[in-house]
Amino acid sequence: ASTSRLVITTPEWNEPGILSKALDLDDGNYETAIHTFDITNSDEATYVASGYVPGTLLSRYSMSEHQGYLRVATTEGSPWGRTGSESIVTVLEEQDDALAVVGQVDDIGRGEAITAVRFFGETAYVVTFRQTDPFFTIDLADPTNPKVIGELKIPGFSSYLHPLDEDTVLKTAAG
């Protein structure tokens, strides 16, 4: 939530059922539904728009509103298996009652899942993990053309990022 918008997400899994023996944990169409509400009126929330992004979110830090754009970091692929997974940062804009994708960068940490993410102004910081802990910096200055501008692979496992200033991010690691 921000001072003007409340964002609600829900995973959408097109599977026969989690307990089904027919469930193939690495197949399926995993996406996240996103709904925005105007909360500038303290008496009520008003529905604004809805849309979808590929994959699933890690946490509340996986979303950020900045200058009228909603930025969302997801990991595509089964939440239970990571074969063929990749992470994606999608930029959305409210257009009438839809959240339209205006920009996207994908192929981040192929075969891995997001373990930490933070947005800070026009930059996103994304950490994925499988055996190493890649740390990606993503430039979001042009919402229609986000791009990975840096990658650092270090040992350990990170689960929290905290921007200290424009040039410094505290990355907690274990291992």
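This report walks through the main features of a predicted protein model.

## About the model

Because this is a predicted model, local features need pLDDT of at least 70 and side-chain atom pairs count only at pLDDT 80 or more, while totals for chains, interfaces and linings use all residues. Residues are numbered from 1 along each chain as its sequence is written, and side-chain values use heavy atoms, with hydrogens and water left out.

## Overall fold

Let's start with the chain as a whole. Its secondary structure comes to 13 strands and zero helices. These elements are DSSP runs numbered from the N terminus (helices: H or I, at least four residues; strands: E, at least two). Followed along the sequence, the pattern reads β-β-β-β-β-β-β-β-β-β-β-β-β.

Of the 175 residues in the chain, 39% are buried. Here, buried means under 20% relative accessible area, exposed means over 50%, and partly exposed lies in between (1.4 Å probe, protein chains only).

## A buried serine

S87 counts as buried because its relative accessibility is 0%. The C-alpha atom of S87 is separated by 5.9 Å from that of E76, and the two residues are eleven apart along the chain.

## Two aromatic pairs

Next come the aromatic rings, which form two pairs in this structure. Rings of Phe, Tyr and Trp (its six-membered ring) pair if their centres lie within 6.5 Å; planes under 30 degrees apart count as stacked, over 60 as edge-to-face and the rest as tilted. F37 and Y47 make an edge-to-face pair, at 5.9 Å centre to centre with 75 degrees between the planes. This pair links distant parts of the chain, with F37 in strand β2 (residues 30-38) and Y47 in strand β3 (residues 46-54), ten residues apart. Y47 is partly exposed because its relative accessible area is 41%.

Y125 and F135 form a stacked pair, at 5.9 Å centre to centre with 10 degrees between the planes. Distant parts of the chain are linked here too: Y125 sits in strand β9 (residues 123-129) and F135 in strand β10 (residues 133-139), ten residues apart. Both Y125 and F135 are buried.

Where is D167 found? D167 lies in the loop between β12 (157-165) and β13 (168-174). With a relative accessible area of 73%, D167 is exposed.
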